[in-house]
Amino acid sequence: MGWIYLFAAGVFEIGFTTALRYTEGFSRVTPTAIFILCILASFACFEVAIRDIPLGTAYAIWAGIGAAGTVILGIFIFGEPVTFWRMFFMTALIASIIGLKLVSN
C-alpha cells in the first residue's frame with residue numbers, strides 16, 4: 001500500500017510544481033489554492049508511504065516522479081525544448097526510479 005501512496009505523492013508533486021508556475025507570486029487565488037492543496041496532499045501521502053518504504057528510497061522515487069512528470073508536462077504544456085541529452089537523462093531518471101522499486105523490499 002505504501003507504493004500506491006508514494007505514487008500519489010509524486011503525482012501531487014507534479015501538481016504543485018505545475019500550479020506554482022501559474023500563481024504569479026501567489027497573487028492569483030485559484031492557482032495558489034491548487035498549489036497549497038497539492039503540496040499538502042503530496043506530503044501527506046509521502047508521510048504515509050514512508051511508514052512502509054525506507055525514507056531514502058521513498059524520497060528518491062518521490063522526487064524522481066515529480067521531476068520526470070514536471071519535465072514531461074513542461075514539454076507538452078509549456079513548449080519546453082526536447083533535446084537528445086534532455087531525453088537521455090530523463091530516460092536514465094525513469095530507469096533509476098524503476099531500479100529502486102525493483103531492489104526495494
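This is a predicted model: local features need pLDDT of at least 70, side-chain atom pairs count only at pLDDT 80 or more; totals for chains, interfaces and linings use all residues.
Student: What elements make up the protein, and in what order do they run?

Tutor: There are 4 helices and 0 strands, and from the N terminus on the elements run α-α-α-α. Helices (H or I, at least four residues) and strands (E, at least two) are DSSP runs, numbered from the N terminus. The C-alpha atoms fill a box of roughly 45 × 35 × 15 Å, taken along the principal axes.

Student: Why is the count of disulfides what it is?

Tutor: A disulfide is a covalent bond between the sulfur atoms of two cysteines. The rule requires a pair of cysteine sulfur atoms within 2.5 Å. The sulfur of C38 is 10 Å from the closest cysteine sulfur, in C45, and is therefore too far for a bond. Seen from C45, the closest cysteine sulfur is that of C38, again at 10 Å. The count accordingly comes to 0 disulfides.

Student: Is C38 buried or exposed, and how do you know?

Tutor: Buried means under 20% relative accessible area, exposed over 50%, and partly exposed in between (1.4 Å probe, protein chains only). C38 has a relative accessible area of 13% and is therefore buried. C45 also has 13%, so C45 is buried. Buried residues make up 33% of the 105 residues in the protein.

Student: Where is C38 found, and which residues does C38 touch?

Tutor: C38 is found in helix α2 (residues 29–49). Not counting residues up to four places away in sequence, C38 touches F12, G15 and F16; contact means heavy atoms within 4.5 Å.

Student: What makes M90 count as buried or exposed?

Tutor: The relative accessibility of M90 is 8%, so M90 counts as buried. M90 has its place in helix α4. Leaving aside its neighbours within four places in sequence, M90 is in contact with A67, A68 and V71.

Student: Which residues form the nonpolar patch on the surface, and what makes a patch?

Tutor: Patches are made of residues with over 30% relative accessible area and no salt bridge; like charges are joined within 9 Å, and nonpolar side chains (Val, Leu, Ile, Met, Phe, Trp, Tyr) within 5 Å. A salt bridge is a side-chain nitrogen of Lys or Arg within 4 Å of a carboxyl oxygen of Asp or Glu. Y22, I72, F76, I77, I94, I98, L102 and V103 form the nonpolar patch, with about 850 Å² of accessible area together.

Student: Which helices each supply at least two residues of the nonpolar patch?

Tutor: These are α3 (55–78) and α4 (84–103). The largest share, 4 residues, comes from α4.

Student: Why is I77 described as partly exposed?

Tutor: The relative accessible area of I77 is 47%, so I77 is partly exposed. I77 has its place in helix α3.

Terms used. Residues are numbered from 1 along each chain as its sequence is written. Side-chain values use heavy atoms; hydrogens and water are left out. Accessible areas come from the Shrake-Rupley method with a 1.4 Å probe; for residues, only the protein chains shown count as cover.
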